[in-house]
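Welcome along, and please open the model in your viewer.

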Amino acid sequence: MTDSGQPAIAGHFYRIPRISGLIVGLWPQRIRGGGGRPWHAHLLFVFAFAVVLVGAVGEVSYGCVHLDNLVVALEAFCPGTTKAVCVLKLWVFFRSNRRWAELVQRLRAMLWQSRRQEGQRMLVGLATTANRLSLLLLSSGTATNAAFNLQPLIMGLYRWIVQLPGQVELPFNIILPSFAVQPGLFPLTYVLLTASGACTVFAFSFVDGFFVCSCLYICGAFRLVQQDIRRIFADLHGDSVDVFTEEMNAEVRHRLAQVVERHNAIIDFCTDLTRQFTVIVLMHFLSAAFVLCSTILDIMLNTSSLSGLTYICYIIAALTQLFLYCFGGNHVSESSAAVADVLYDIEWYKCDARTRKVILMILRRSQRAKTIAVPFFTPSLPAFGSILSTAGSYITLLKTFL
């Protein structure tokens, strides 16, 4: 408990994703009194959505136009594909913002329900891990965006020092109207493209960080259920008896009924979260192999050491992004299945037939591990390894044609 009466988890709840979400105007929030979203959140979202959409369309178009030069095309497709997926993520969160806010409130209620020091300590540990992973994603994305934006400036400074003819260079390979690169508007265009990259970073830092935080909080909720099950039998001091009395069995059934209610609430929350994230996770996994493959190919084919360094930062961010989805999904399935292990280890053999049926009902449902599954994919660590293997196969195949 904190001094304000809030549980310890309150200070860690979505800490990093909330910051990124507020910057792009997407954090699920309502005005006090049940009103809509704040007006400034709408302005931030419109700006972020517009600059990311312009970047996605312009960069993908540039790559399609310059397919005859593979290196140039890949330099456009890599960030362009990431921005295109980010446009989808921004729209999905904006369209269902009220639904996201409800999910956050439901999850908050589940985590706030347990005020025991042991449970809160466990939740804080999971929240700290989730926030650190979110911060790693934000940091790697920011470093990548900084590398893209500094590269033209460094090259321009180099040409000026060695007295080479200057040329117009933008942070990203992109198709823009001719007036946008005229001397008068060039600085503004450069700033807007920089903002496009920054908004992309904050967008996927929020959405992907929101996903991994939600998964680890769900993991924490399942672990709270496991602690409650152990505590039911520990509080009965059943070591001194071979068979529970009728009063003890009645107490077990009463407290197990509360556990069943909480367990069902967690499973229902997983189902609703999966439904909301289906399109996002599906598109992210479909694009992951292409992004990794094209990034590694660009590093292999690019003769510029500065560009190579930029794309090393890019692949670190892309791998972190993919790993978060698989890490979070893996934790949900493992913690869900662990409830069945706890039920098997308790002293169920001391209960009467009626109580054993209740335990068996929970056990049967727990054995079907809950997953964040979408069509064709289930985020997990084996899926992460499979995508890396697929990307490696694509690279090997493409190298035979180069």
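Start by selecting Tyr14: does Tyr14 count as buried or exposed? Tyr14 counts as buried, because its relative accessibility is 1% (buried means under 20% relative accessible area, exposed over 50% and partly exposed in between, with a 1.4 Å probe and protein chains only).

Before moving on, a word on the ground rules. This is a predicted model, in which local features need pLDDT of at least 70 and side-chain atom pairs count only at pLDDT 80 or more, while totals for chains, interfaces and linings use all residues. Residues are numbered from 1 along each chain as its sequence is written, and side-chain values use heavy atoms, with hydrogens and water left out.

**The whole chain**

Zoom out and colour by secondary structure. The chain has ten helices and zero strands (helices are DSSP runs of H or I with at least four residues, strands are runs of E with at least two, and numbering starts from the N terminus). Along the sequence this reads α-α-α-α-α-α-α-α-α-α. The C-alpha atoms fill a box of roughly 90 × 55 × 35 Å along the principal axes. Of the 402 residues, 52% count as buried.

Now select the spans that the unreviewed UniProt entry annotates as "transmembrane region": 39-58, 70-92, 174-195, 201-225, 277-297, 309-327 and 372-395. UniProt positions follow the numbering used here, feature names are shortened, and annotations may be inferred rather than shown by experiment. Among these spans, residues 201-225 are 100% helix and 0% strand, with their end C-alpha atoms 36 Å apart. Residues 277-297 are also 100% helix and 0% strand, and there the end C-alpha atoms lie 30 Å apart.

Return to Tyr14, in the segment before H1. Look at its backbone: Tyr14 has a positive phi of about 50° although it is not a glycine. Most residues other than glycine have a negative phi.

Next, show the aromatic side chains. A pair of aromatic rings is described by the distance of the centres and the angle of the planes. Rings of Phe, Tyr and Trp (its six-membered ring) pair if their centres lie within 6.5 Å; planes under 30 degrees apart count as stacked, over 60 as edge-to-face and the rest as tilted. This rule gives 32 aromatic pairs. One of them joins Tyr14 and Tyr217: the ring centres are 5.1 Å apart and the planes stand at 85°, so the pair is edge-to-face. The pair links distant parts of the chain, since Tyr14 is in the segment before helix H1 (15-23) and Tyr217 is in helix H6 (residues 186-234), 203 residues apart. Tyr217 counts as buried, with 1% relative accessibility.

Select Phe211 and Phe277 for another edge-to-face pair, with 5.0 Å from centre to centre and 75° between the planes. Phe211 lies in helix H6 and Phe277 in helix H7 (residues 246-301), so the pair ties together parts that are 66 residues apart in sequence. Both Phe211 and Phe277 are buried.

**Helix against helix**

Two packed helices are described by the angle between their axes and the distance between the axes. Axes are lines fitted to C-alpha atoms, for helices over the stretch in contact, and angles run from 0 to 180 degrees between N-to-C directions. Angles under 35 degrees count as roughly parallel, over 145 as roughly antiparallel, 65 to 115 as roughly perpendicular and the rest as oblique.

- Select H6 and H7: their axes come within 10 Å and cross at roughly 165°, so H6 and H7 are roughly antiparallel.
- Select H7 and helix H9 (residues 353-367): these pack at about 20° with axes 10 Å apart, which means that H7 is roughly parallel to H9.
- Select helix H2 (residues 39-65) and helix H3 (residues 70-95): the angle is about 150° and the axes are 7 Å apart, so H2 and H3 are roughly antiparallel.

While H9 is on screen, pick Ile359, which lies in that helix. Ile359 is buried, with a relative accessible area of 5%.

**Last stop: charges over rings**

Finally, select Lys83 with Phe172. Lys83 lies over the face of Phe172, at 3.7 Å from the ring centre (a charge sits over a ring if NZ of Lys or CZ of Arg is within 6 Å of the ring centre and within 35 degrees of the ring normal). Then try Arg108, which lies over the face of Trp112 at 5.3 Å from the ring centre.
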